[in-house]
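Good morning, colleagues. Please turn to the sequence and the structure that I will now show you.

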Amino acid sequence: MSVLDGSIGILPRRLMVRDQDLFIARAILTDNGFELENA
């Protein structure tokens, strides 16, 4: 929600992907500088 309301980004962001796309989604995000939690 912080992205939508323009605040400072203190709320964690979530992204949902299909199970079969998880590996490539993680690779794309980490290649682009996003830090991921091990969830």
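Predicted model: local features only at pLDDT ≥ 70, side-chain atom pairs only at ≥ 80, totals over all residues.

How many helices and strands does the secondary structure of the protein come to? There are two helices and zero strands.

Let me begin with the protein as a whole. The protein has 39 residues, and buried residues make up 5% of them. Its accessible surface comes to about 4,100 Å². Carbon and sulfur atoms account for 58% of that surface.

I turn next to a part of the surface. Which residues form a nonpolar patch there? They are Leu-15, Val-17 and Leu-22, and together they have about 260 Å² of accessible area. Of these, Val-17 sits in the loop that runs between helix H1, residues 2-5, and helix H2, residues 22-31. Is Val-17 buried, partly exposed or exposed? Its relative accessibility is 35%, so Val-17 counts as partly exposed.

Now to charged side chains. Side chains of opposite charge can pair when their charged atoms come close. In this structure there is one salt bridge. Asp-21 forms it with Arg-18, and the closest N and O atoms are 3.0 Å apart. The two partners fall into these classes: Asp-21 counts as partly exposed because its relative accessibility is 26%, while Arg-18, at 52%, counts as exposed.

Finally, I come to the pockets. Rolling a probe the size of a water molecule over the atoms shows where empty space is left. In the largest pocket lies about 710 Å³ of space. What lines this pocket? The lining consists of 17 residues, and those nearest the centre are Arg-13, Arg-14, Leu-15, Leu-36 and Glu-37. By type, the lining divides into ten nonpolar residues, no polar residues and seven charged residues. Leu-15, then, belongs to the nonpolar patch and also to the lining of the largest pocket.

Thank you for your attention.

Methods. Residues numbered from 1 in each chain as written. Heavy atoms only, no water. Patch = residues over 30% accessible without salt bridge, like charges linked within 9 Å, V, L, I, M, F, W, Y side chains within 5 Å. Areas by Shrake-Rupley, 256 points an atom, 1.4 Å probe, with all protein chains shown as cover. Salt bridge = Lys/Arg side-chain N within 4 Å of Asp/Glu carboxyl O. Helix = DSSP H or I, 4+ residues; strand = E, 2+ residues; numbered from the N terminus. Buried < 20%, exposed > 50% of the residue type's maximum accessible area, 1.4 Å probe, protein only. 1 Å grid on protein atoms, 1.4 Å probe; cavity = no way out; pocket = protein on both sides within 12 Å on 5 of 7 lines; lining within 4 Å. Points joined across faces, edges and corners; volume = space filled by probe spheres on them. Nonpolar A, V, L, I, M, F, W, Y, C, P; charged D, E, K, R; others polar.
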